Amino acid sequence: MMDIKVNIVELASELANDRMFEELSREYLSESDIYKQDSDVVEYTDYAQKVFNNWYDYYYNFIKVYKID
């Protein structure tokens, strides 16, 4: 049997990002409602960041409980 190494932070981030887009698309938000740009830096809007953070915490804790790391 092979051991698989999982980066919990990366996995939780990817899952949270996908779930955030799914949730916000149901609210019919445009990209400008999800992203903001300041000079060369693109980041989530405050609302999108809050939704992402909630999903990130959910997935991170879920993965940790089942010790998938």
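Arg26 is exposed, at 53% relative accessibility. Here buried means under 20% relative accessible area, exposed over 50%, and partly exposed in between (1.4 Å probe, protein chains only). Arg26 forms a salt bridge with Glu22. Glu22 is partly exposed at 42%. Both residues lie in helix α1, four residues apart, about one turn of the helix.

This is a predicted model: local features need pLDDT of at least 70, side-chain atom pairs count only at pLDDT 80 or more, and totals for chains, interfaces and linings use all residues. Residues are numbered from 1 along each chain as its sequence is written, and side-chain values use heavy atoms, with hydrogens and water left out.

**Salt bridges**

The structure holds three salt bridges. The criterion is a side-chain nitrogen of Lys or Arg within 4 Å of a carboxyl oxygen of Asp or Glu.

| Pair | Closest N to O |
|---|---|
| Glu22 and Arg26 | 3.7 Å |
| Lys36 and Glu43 | 4.0 Å |

Shared partners join Lys36, Glu43 and Asp46 into one network. Asp46 is exposed at 62%. Lys36 is partly exposed at 34%, and Glu43 is partly exposed at 38%.

Helices (H or I, at least four residues) and strands (E, at least two) are DSSP runs, numbered from the N terminus.

**Strand loop**

Ser39 is found in the loop between β1 (35-38) and β2 (41-44). Its phi is positive, about 60°, although Ser39 is not a glycine. Ser39 counts as exposed because its relative accessibility is 61%.

**Aromatic pairs**

A pair of aromatic rings is described by the distance of the centres and the angle of the planes. Rings of Phe, Tyr and Trp (its six-membered ring) pair if their centres lie within 6.5 Å; planes under 30 degrees apart count as stacked, over 60 as edge-to-face and the rest as tilted. A search of the whole structure finds nine such pairs. One of them, Tyr44 with Phe52, is tilted: 5.5 Å centre to centre, 40° between the planes. Tyr44 is buried at 18%. Phe52 is buried at 13%.

Trp55 and Tyr58 pair edge-to-face, with 5.6 Å between centres and 85° between planes. Both lie in helix α3 (residues 46-65), three residues apart, about one turn of the helix. Trp55 is buried at 18%, whereas Tyr58 is partly exposed at 44%.

One aromatic cluster is formed by Phe21, Tyr35, Tyr44, Phe52, Tyr56 and Tyr60.

The charged end of Arg19 sits over the ring of Trp55, 4.0 Å from its centre. That label requires NZ of Lys or CZ of Arg within 6 Å of the ring centre and within 35 degrees of the ring normal.

**Nonpolar core**

A nonpolar core is a set of buried Ala, Val, Leu, Ile, Met, Phe, Trp, Tyr and Cys residues joined through side-chain atoms within 4.5 Å. The largest one has 14 residues. Ala16, Met20, Leu24, Ile34, Tyr44, Ala48 and Phe52 have the most contacts inside it. Two or more residues each come from α1 (8-26) and α3. The largest share, seven residues, comes from α3.

Leaving aside neighbours within four places in sequence, Ala16 is in contact (heavy atoms within 4.5 Å) with Phe52, Trp55, Tyr56 and Tyr59.
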